[in-house]
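Good morning, and thank you for coming.

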Amino acid sequence: MAERNQKINPEFFQSDRNLRFRLFKDKLMFYVTGLCLLLILVPIFGILFEVFINGIIGFTPDVFTKAGGSPLDPNTGLLHAMMGTFYVSVIASFFGIPLGIITGIYLEYYGKGFFSNILRVGIDSMVAIPTIITGIVVFALIVLSMGSFSVLAGGIALAFIMIPIIAKTTEEMIRLVPQLYDEAGYALGLSESQTAFSIVIPLASRGIASGVLLAFARIIGETAPLLFTAFFSQSVPNNILDVSATLTVLIYQYGISPFEAWNRLAWVAALLLMLMNLGVIFITRVIFSENGVRPWTRIAEIIKIAFGGVIGEESAKEE
Amino acid sequence: MSEIKIDSSVFSEKKSSNKGNIKLQVEDLKAFYGKKEVLHGISADFVENEITAIIGPSGCGKSTFIRTINRLHELTRGAKIEGKIVLDGYDIYDPSANPVLVRRKIGMVFQKPNPFPNMSIYNNVVAGLKLQGHSNGTELDEIVNTTLEKVGLLEEVEEDLHRKKGTDLSGGQQQRLCIARAIAVRPDIILMDEPTASLDPSSTLIIEDLMKDLSKDFTVIAVTHNMQQAARVSDKTMFLFNGDLIEFGATRKLFEKPDNHLTEQYITGRFG
Ligand SMILES: Nc1ncnc2c1ncn2[C@@H]1O[C@H](COP(=O)(O)OP(=O)(O)OP(=O)(O)O)[C@@H](O)[C@H]1O
Ligand SMILES: [Mg+2]
């Protein structure tokens with residue numbers, strides 16, 4: 001451009017035209033993709049907005065203090081479902097987190113033989129199994145043999161959903177630790193297990209922890225497996241063998257009911273669930289993102305992931 | 001194998017009284033990746049407190065060779081060796097030898113500085129010792145001090161020992177930290193695989209001086225791509241070509257009057 005007054009080689013001119021065309025294509029693509037983004041963002045914000053507004057409208061302090069009851073009783077709340085969700089997620093974490101991590105470590109370090117290959121195929125298919133099937137299996141194995149629905153059965157069903165997710169992320173995150181750290185450990189005269197547990201796994205711990213949190217975010221939104229296991233009730237569960245409502249099942253039960261009071265509570269439950277999910281994802285991002293990342297970049301990422309979580313599991317898988 | 005003794009004054013104790021002792025003998029060493037043989041029967045003796053430089057074109061087997069010396073080679077899947085490597089009279093590949101203990105005697109510094117990113121500078125230096133079970137705080141403090149002093153890093157990082165991570169340092173400092181980490185466990189031999197390949201010229205000179213200094217206490221075997229470096233720092237030079245040992249001898253002789261035609265061609269830059 002600066003050399004205007006000099007002679008122009010026709011070939012250069014040719015390429016200049018090409019360049020202009022490419023710049024034009026570049027701009028065009030920018031607007032097309034921007035438009036697509038907008039098309040996606042509008043319904044996402046629509047969903048969030050709808051849940052938020054309806055949830056706020058239905059909100060009363062009773063929500064946190066009162067259990068369920070008759071749809072005609074104006075003084076009912078969500079305490080029973082909140083406690084149910086709390087119980088099932090604690091139980092699921094209690095079994096799912098350690099078993100998932102141990103399985104992941106096992107697969108990465110010892111996953112070579114026939115048994116490990118079977119385990120790996122099993123884990124892969126567990127990720128793909130529709131969660132309603134997990135629910136019905138736990139129903140057959142635990143609910144039927146114990147003779148009643150329980151939050152314990154619900155927690156176990158959710159643990160089965162957590163384990164493959166955590167196992168796979170753990171395996172992957174350990175594998176991502178560069179070989180040079182393994183070698184540094186061995187070269188210092190450390191054994192294989194010392195190198196694994198003192199050097200490599202700690203280096204993978206952030207990744208493992210974010211896998212755990214994403215698995216957690218995933219299970220607090222599960223409904224289908226809980227329908228067969230924790231089932232539903234209007235009172236606060238007294239212990240882990242009690243049948244209990246959970247937020248997701250309550251949304252389903254109250255949402256399809258003809259009673260306006262219950263519909264209102266379903267919206268509040270939806271809002272609570274959404275906030276919990278966003279909270280978990282927020283924690284994952286803030287605590288476990290790399291040092292030195294600008295807060296804004298973080299928040300943008302959080303929003304991206306959160307929306308991904310609302311729409312589908314695509315972004316969860318990418319993580 | 002005996003415990004590694006912790007003695008901070010040990011750095012100058014070995015001195016050159018034992019110059020001339022053969023520390024390490026390699027006998028007809030063959031190395032394989034699967035069925036592929038990449039070292040074809042190498043024999044060489046390494047003298048205590050000398051620096052040996054290993055040179056040769058890319059892919060000739062330099063890294064493979066030094067990784068057989070501390071038994072890192074066998075960690076690659078399908079990799080194995082034939083032949084003998086004898087350290088102080090003991091075959092390190094004897095079925096009764098424990099590779100973990102062998103590696104405590106033979107430390108290694110890698111091409112890319114690899115301090116542990118989740119450990120402070122202090123913990124990087126004593127990582128090996130701590131994980132091997134040494135927990136005496138004052139002893140560890142002393143080792144950190146003498147070791148960092150030895151690699152010329154103490155003044156630069158004294159204030160940040162606990163505050164900074166090993167990876168917060170510059171590349172050259174990181175490499176010196178890795179050297180400190182390797183010598184803190186008091187090995188007999190230090191292997192280096194192109195230790196300056198990823199460093200700038202001034203860091204390279206610092207490491208080269210350090211290598212000479214280290215040879216007072218350790219037997220040093222270093223791979224280098226840089227012929228000037230080999231000439232500057234080493235007592236002996238080994239020239240490998242396509243998995244064969246072509247020539248091995250006093251550095252000066254090898255560079256000034258090589259016996260082998262290939263060696264001459266290589267050091268005059270006609271190939272590689
Ligand atoms: N993991 C491996 N699997 C199979 N072959 C390998 C492996 N690592 C190295 N080789 C082969 O072994 C030979 C020697 O490799 P080596 O890394 O020892 O060479 P080098 O002399 O260190 O080369 P450079 O100077 O590039 O580092 C090469 O032919 C290489 O292709
Ligand atoms: Mg190499």
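Let me begin with a definition: helices (H or I, at least four residues) and strands (E, at least two) are DSSP runs, numbered from the N terminus. By that convention, Glu82(B) belongs to strand β4 of chain B, residues 79–87.

A word on the source. This is a predicted model, in which local features need pLDDT of at least 70 and side-chain atom pairs count only at pLDDT 80 or more, while totals for chains, interfaces and linings use all residues. Residues are numbered from 1 along each chain as its sequence is written, chains are lettered from A and ligands numbered from 1 in the order in which they are written, and side-chain values use heavy atoms, with hydrogens and water left out.

I turn to salt bridges, each defined as a side-chain nitrogen of Lys or Arg within 4 Å of a carboxyl oxygen of Asp or Glu. Over all chains, this rule gives 21 salt bridges.

In chain A, Asp62(A) pairs with Lys66(A), and their closest N and O atoms are 3.3 Å apart. For exposure, buried means under 20% relative accessible area, exposed over 50%, and partly exposed in between, with a 1.4 Å probe and protein chains only. Lys66(A), at 32%, is partly exposed. A second salt bridge joins Glu222(A) to Arg218(A), at 3.2 Å between the closest N and O atoms. Here Glu222(A) is buried, with 10% relative accessibility, whereas Arg218(A) is partly exposed at 22%.

In chain B, Lys150(B) and Asp217(B) form a salt bridge of 2.7 Å, N to O. Because Lys150(B) lies in helix α4 (residues 137–150) and Asp217(B) in the loop between α7 (201–214) and β8 (219–223), the pair ties together parts of chain B that are 67 residues apart in sequence. Are these two residues, Lys150(B) and Asp217(B), buried or exposed? Both Lys150(B) and Asp217(B) are buried. Elsewhere in chain B, a network of salt bridges links Lys23(B), Glu48(B), Asp88(B), Lys105(B) and Asp188(B).

Finally, the strand pair, where pairing requires that DSSP find at least two bridges between the strands. Strands β9 (residues 236–241) and β10 (residues 244–250) of chain B run antiparallel and are joined by six bridges. Phe241(B) is opposite Asp244(B) of β10(B). Two residues lie between the strands of this hairpin, and Asn242(B) adopts a positive phi near 50°.
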